[in-house]
Every structure is written in C-alpha cells, then in structure tokens.
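Dear colleague,

I am passing on a structure that you have not worked with before, and below it I set out what was found in it. Please read the notes with the model open beside you.

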Amino acid sequence: MTARDLLFGDLWDYAPAPESTNHIELKAQYGHFINGQFVEEGQPFETINPATEETLAQIHSADEAMVDRAVKAARAALEGPWGSMPASERAKYIFRIARLIQERARELAVIESMDGGKPIRESRDVDIPLVAAHFFYYAGWADKLEFAFPGARPRPVGVAGQIIPWNFPLLMAAWKIAPALACGNTIVIKPAETTPLTAMKLAEIIQDAGLPPGVVNIVNGAGATGAAIVDHPGTDKIAFTGSTEVGKIIQRSLAGTGKRLTLELGGKGANIIFDDAPLDQAIEGIVNGIFFNQGHVCCAGSRLLVQESIHDEVVRRLKHRMSTLRVGDPLDKNTDIGAINSREQLNKITELVQAGETEGATCFQPECNLPGKGFFFRPTVFTGVTQAHRIAQEEIFGPVLSVLTFRTPAEAIAKANNSEYGLSAGIWTDKGSKLFKVAGAIRAGVIWGNTYNKFDPSSPFGGYKESGFGREGGLHGLLPYLEVE
Ligand code: NAP
Ligand code: MG
C-alpha cells in the first residue's frame, strides 16, 4: 500500500440513498401512439426492471397493419397541417416539448433507470438534460435552414422511419426526433423492446405540447416491427441506431429503393494514454470511458492503449480506482454501475469475458457484492491483451476493458486504426501538437482530447467503416432530414 491509497475497509461506508419512485405513474399496459392517440392493440410482451427482474408494464407489439396506420398518419400530417406550417411556428412546438421535458425531468430520469438499469446519477445528470438540450438546440434551427445551407432551398425529406436501441432510450429518441421535426419531416419511430417506457412518456409530452396528430408516431415491438418500418413503401428515409449486424440487414433491404439511410452502429473505441498524460485525470477518463452506463455505450473507450513505459503504473492506479466503484441498485444516488440491460446482454458479456480468459489474457475484477436478483456484472479489466484476441476486436457492450500497449505514436495510431469500427477515440497527452497529429491520423468520427464521453447537441456524432454513416447533432445532423439542391 502506498500513501496514495485510501482504503478504509468496512470502517466507513455509504448509507443507502435510493431515489423515490412514489411519484411515478405507470399504466399496466402501453401500446402505440398513432395519429395523436394511444392505441392498445397487438401481441403483448413485458418490459421488466433489469435490476429486480420485476415486470413494469405490458407492451403491445405493432404488426405490419399497425405500422401502416402510423405511416399513413405521418403522411397525412406531412401533407396537411405540419407541411404547411411556417417554420417559426414549427419551432415553437419543439421549444414547448423541450420545456415540458425539463418540467418532468425527475420523473423521466427515474423511469429511465427503472426500465433500463442505468444509474440514476447518469439518467438525472446526463441523459435527461441532454434530451432537453437536443430539443432546444434543434428548435433554434427550424426557421434558419436557409442560413444553414445558403442558396440550397432546403426542404423536408418526408416521412422518416426511425429505429433506436436500448442503451440511451430517451436520448436516442431525441437525437432522432428533434432534427427531423426541425426540418419539417413527420415521424414513425420504434423504441427498443426492453426500454419502451420513456418513449411512451414522451408521447404524453408530445400530446400535451399540442403537436398536430400524426407528426410523431411511436410504435412498439421487436425486430419485426422495425423491419416493417424499413420495408414500408411510405417511409422516405430510415435512420437506424443499433448493431452493425442489423444495420447491414437494413442496408441490404433498402438497396435499390431510393430511400435515404443513415446508420449509427457499433464501435470499439481506442483510448490512448501517452506517457506525458496527466495521469490522475486520465484514470478518471478511462473509468468514465468504459464504465459509464455499464459500458453499454457505442463510443465506449473499450480498448485502452497505454504507452509501455507507464503501463504498470496506469494499471495499478486503475485497479485501485475500480475497487472504489459501487455496483448495485440503479436508483441509489451512490451507485456508479447499475444493472446490465437484459439477461441476453449479460450472457453476451459473460461469453466474451470467458473467451478473453481462454485466449490467455489476464482478468481482474475488484471485490464487490452483487445484488442477489437482477442482471449485474463486475467492472472488469483484461491485461496482456493482444490485437488478435476477440476482446480486442469485438464490441462487448459491457463494463469490460481490454488493455494493450504501444511504444511510439505511430504504433498507437496503427493499433487504434486496426479495427473494423471507426466511431470514437480518446487521446491523453500534455502536448497539444501530439494530440492534434494523432487525432488527424485516426479514422474515427469522434475524438476526445484529454477527456472522454462528452456530448453536446451542437457537435456532430457518427462513424466510419462498420460504425456506419451519416451524422447526428450539430448542423451536420440537419442534412439527413433535408433535400438540398
Ligand atoms: P440491435 O439489436 O441492432 O437493435 C436496435 C434496434 O433495431 C432495436 O429497436 C431493435 O428491436 C431493432 N431491430 C432488430 N432487428 C431489426 C430488423 N431486422 N429490422 C429493423 N429493426 C430491427 O441493437 P441493440 O442490441 O439494441 O443495441 C446495441 C447496439 O447499438 C450496439 O452495437 C451499439 O454500438 C449500437 N449503438 C450505436 C450508437 C451510435 O450512435 N453509433 C448508439 C447507441 C447504440 P429490439 O429492441 O426488439 O431488438
Ligand atoms: Mg425494461
């Protein structure tokens, strides 16, 4: 033990600090939000709380006929009130949605943590504020599109079909809905099967905001419902966030249809630590990069590239910091790592961690008591990882970090780029010129310098290679929803 270690053992601990759920009102069942109305029809399935395995609500699944109703409602709204509305009026509705989200922020944060398992500290301080910020930001663009693309006569694409994943349920809905509305499109969106509840709360907000019926339609269901949106001849554009595997299926089925497509897919981000980096900050950045949202983050810094001369010191400090992370009840304000989103995802993480051990990497997990029920996984770091290992190549989408080493900047760049993905990277160094030189050579859509996992609605986000194409956020995020000539 060194002077830097502050381990109190059992002498001092946090008292439980659970966020109250007594203000949450959930209906026993939810269906779809079509043409401004809630419709409860279709095969039922359950959404559970992954921290307790308790059922939260029954959800109805939309079949092709239901998707058809939603697309027709979107088309009618486009050709009716929404399409003819002045842009400055359109903006008022989006501002109104943003303000209602802020008013109901606490409720939305609690439901996000209950339905998806993420720590309340994150849903309260990151997800929901960013959701409101996205609507505010794009509300501001609605009547300024001619200034964004001078001389280009920007017009809406039409009916946008949107499909989102479970890791940031309401935030991904905001990333999709806000720019589409700002550009004058109408929408049919499908939330992920395991996390539909905040989208249904957003439907209430959209209703309260008085948005004309049919402008935003929300349909629930599994992959087949998503496929029905993709294949419906009435959708003009598809925006998909999810796995590379499903992204490829969608790209294949859209080939030759002339529909516009943007894909935000998986990643295996390199977080590069040079020997002149500010180490205390870098350790926090490593932790934030891989353990934020249980590692269910497409841009997670899941490959740690450490300069060889500081490898032992970085790993020592990282293990020490990991031993202070609190895994448990997502609704407890002291929790750092909440529940894994589903049993299926927990099985996938477990399988890849076993592969890491079988292939010869060294696994470290700090001592911690996991709750008896629910889906939880200890924060995990693998050292001695080589580039050929599956845990260095495949997206784990869990709290699992793979550590590799490098000697020179050129080697760091080569290793960072040795991936099928190209979504994100982090670079830690005291030297600005080195940071910009390395950043310029890495093929990734988002690169953070001396920080990690920072998001802002004005900053474009998206990938290269198997991480997809198209950008969300910023001025770039308007383009997928506009015809410009
Ligand atoms: P997924 O299985 O691809 O699912 C994403 C969405 O697509 C879900 O709503 C899913 O429905 C639906 N879907 C499944 N099969 C479909 C099909 N054949 N046609 C149309 N839709 C279909 O991905 P996931 O496991 O939910 O999410 C994790 C992945 O998303 C990771 O790879 C992660 O990196 C990626 N991601 C990327 C970004 C980004 O911006 N680049 C952001 C977040 C997540 P169900 O819910 O019923 O499965
Ligand atoms: Mg759920």
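Leaving aside its neighbours within four places in sequence, which residues is Val188 in contact with? Counting two residues as in contact if their C-beta atoms, placed from the backbone, lie within 7 Å, Val188 meets Val67, Ala70, Val71, Ala74, Val159, Gly161, Asn217, Val219, Ile229 and Thr235.

Before going further, please note that this is a predicted model, in which local features need pLDDT of at least 70 and side-chain atom pairs count only at pLDDT 80 or more, while totals for chains, interfaces and linings use all residues. Residues are numbered from 1 along each chain as its sequence is written, and chains are lettered from A and ligands numbered from 1 in the order in which they are written.

On the chain as a whole, the secondary structure comes to 16 helices and 22 strands, where helices (H or I, at least four residues) and strands (E, at least two) are DSSP runs numbered from the N terminus. The radius of gyration, taken over C-alpha atoms, is 22 Å, close to the 23 Å that the globule rule (2.2 Å times the number of residues to the power 0.38) gives for 485 residues, so the chain is as compact as a globular protein of that length. Along its principal axes the C-alpha trace spans about 70 × 50 × 35 Å. Of the 485 residues, 53% count as buried, meaning that 20 or more other C-beta atoms, placed from the backbone, lie within 10 Å of the residue's own.

The domain assignment, whose bounds come from an automatic or database source, gives domain 1 (29-265 + 467-483) and domain 2 (270-449). Their C-alpha centres lie 30 Å apart, and 17 residues of domain 1 are in contact with 23 residues of domain 2. On the side of domain 1 that touches domain 2, the elements giving two or more residues are α4 (105-116) and α5 (120-141).

Turning to the interior, a nonpolar core is a set of buried Ala, Val, Leu, Ile, Met, Phe, Trp, Tyr and Cys residues joined through C-beta atoms within 7 Å. The largest has 86 residues, and those with the most contacts inside it are Ile94, Phe135, Ala182 and Val188; its largest share, 11 residues, comes from helix α7 (residues 169-182). A second, separate core of 60 residues includes Ile290, Phe291, Val314 and Ala361.

In helix α9 (residues 223-231), Thr225, Gly226, Ala228, Ile229 and Val230 are buried, and what covers them includes α1 (64-79), β7 (159-163), β8 (186-190), β10 (237-241) and α10 (244-254).

Strand β10 is covered on both faces, with Lys237, Ala239 and Thr241 buried on one side and Ile238 and Phe240 on the other. Two strands pair if DSSP finds at least two bridges between them; β7 and β10 run parallel and are joined by 4 bridges, with Ala160 opposite Lys237. Strand β11 (residues 260-264) also runs parallel to β10, over 5 bridges, and its Leu261 is the bridge partner of Ile238.

Strand β12 (residues 270-273) has both faces covered too, Ala270 and Ile272 being buried on one side and Asn271 and Ile273 on the other. It pairs in the parallel sense with strand β13 (residues 303-307) over 4 bridges, where Leu304 is the bridge partner of Asn271.

With best wishes

Notes
A residue is buried if 20 or more other C-beta atoms lie within 10 Å of its own, exposed if 12 or fewer, and partly exposed in between; C-beta atoms are placed from the backbone.
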